[in-house]
Amino acid sequence: MSLTILTVDDSRTMRDMLRMALNSAGMQVHQAEDGVHGLEVLSTCSPDCIITDLNMPRMDGFGFIEEVRKIPQYQLLPILILTTESDAERKAKARSIGATGWITKPFEPEKLISVVKRVAS
């Protein structure tokens, strides 16, 4: 079973690193550069999991998660936040709006793949 993952990050380097890591595990990857673009891409694919950054232009990760959770078929979709932030308040806010988990950058590909498989299966 191949998983489909949507990654949302304004850094091209980070998107490339995520794509390489997830592709190496046989996952199909769709990419977006911020929350607004993420919602556009979401309407064209049915991901098993979303990985989003927090700090992005136009619409940040919090706004993106809130918008995704308003869509009935995505209310239970696993959403992982991948960020340099590790502030407890921000983690609590993320959980309260529907984030499934939190991964701190830089990430280890094996750990990322393990977490994605765990939440998306």
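Three bridges join strands β3 and β4, which run parallel, and I50 has I79 as its bridge partner in β4. This is a predicted model: local features need pLDDT of at least 70, side-chain atom pairs count only at pLDDT 80 or more, and totals for chains, interfaces and linings use all residues. Residues are numbered from 1 along each chain as its sequence is written, and side-chain values use heavy atoms, with hydrogens and water left out. Helices (H or I, at least four residues) and strands (E, at least two) are DSSP runs, numbered from the N terminus.

- Five strands make up an open sheet with the order β2-β1-β3-β4-β5, and the pairing is parallel; two strands count as paired if DSSP finds at least two bridges between them.
- β2 (28–32) and β5 hold the edges with a single partner strand each, so one side of each has no neighbour in the sheet.
- From one strand to the next, the twist averages 20°.
- Four bridges connect β4 to β5, again running parallel, and I81 stands opposite W102 in β5.
- Helix α2 (residues 35–42) packs on the sheet, where α2 touches β1, β2 and β3, and its direction makes about 140° with that of β2. Axes here are lines fitted to C-alpha atoms, for helices over the stretch in contact, and angles run from 0 to 180 degrees between N-to-C directions.

- β4 is mostly covered, with five of its five residues buried. Buried means under 20% relative accessible area, exposed means over 50%, and partly exposed lies in between (1.4 Å probe, protein chains only).
- I79, I81 and T83 point one way from β4, while L80 and L82 point the other way, and all are buried.
- T7 sits in strand β1 and counts as buried because its relative accessibility is 0%.
- Leaving aside residues up to four places away in sequence, T7 touches L18, L22, V29, H30, Q31, A32 and I51. Contact means heavy atoms within 4.5 Å.

**The nonpolar cores**

- The largest nonpolar core has 22 residues, and those with the most contacts inside it are L6, V8, I50, F64, V68 and I81. Such a core is a set of buried Ala, Val, Leu, Ile, Met, Phe, Trp, Tyr and Cys residues joined through side-chain atoms within 4.5 Å.
- At least two residues of this core come from each of β1, α2, α3 (61–69), β4 and α4 (88–97).
- α3 gives the largest share of this core, four residues.
- Another core, of 19 residues, lies apart from it, and L3, I5, L80 and I103 are among its members.
- I50 touches L6, V8, L42, F64, V68, L77, P78, I79 and L80, not counting residues up to four places away in sequence.

**Helix α3**

- Seven of the nine residues of α3 are buried, leaving this helix mostly covered.
- The buried residues are G61, F62, G63, F64, I65, V68 and R69.
- The cover over the buried residues of α3 includes β1, α2, β3, β4 and α4.

**Helix α5**

- Helix α5 (residues 109–120) has twelve residues and reaches 16 Å from its first C-alpha to its last, close to the 16 Å expected at 1.5 Å a residue. The expected span is 1.5 Å times one less than the number of residues.
- L112, I113, V115, V116 and A120 are the buried residues of α5. They cover an arc of only 165° around the axis, which puts them on the same side of α5; the arc is that of the directions from the helix axis to the C-beta atoms.
- An α-helix has 3.6 residues a turn, so residues three or four places apart point the same way.
- On the other side of α5, E110, K111 and R118 are exposed.
- The buried residues of α5 pack against β1 (4–8), α1 (12–24), β3 (49–52), β4 (79–83) and β5 (101–104).

**Backbone details and exposed arginines**

- K105 and P106 are joined by a cis peptide bond, with omega about -10°, and P106 is in the loop between β5 and α5.
- R58 has a phi near 65°, a positive value in a residue other than glycine.
- Most residues other than glycine have a negative phi, and most peptide bonds are trans.
- R58 lies in the loop between β3 and α3 and counts as exposed because its relative accessibility is 63%.
- R12, in helix α1, counts as exposed at 60% relative accessibility.
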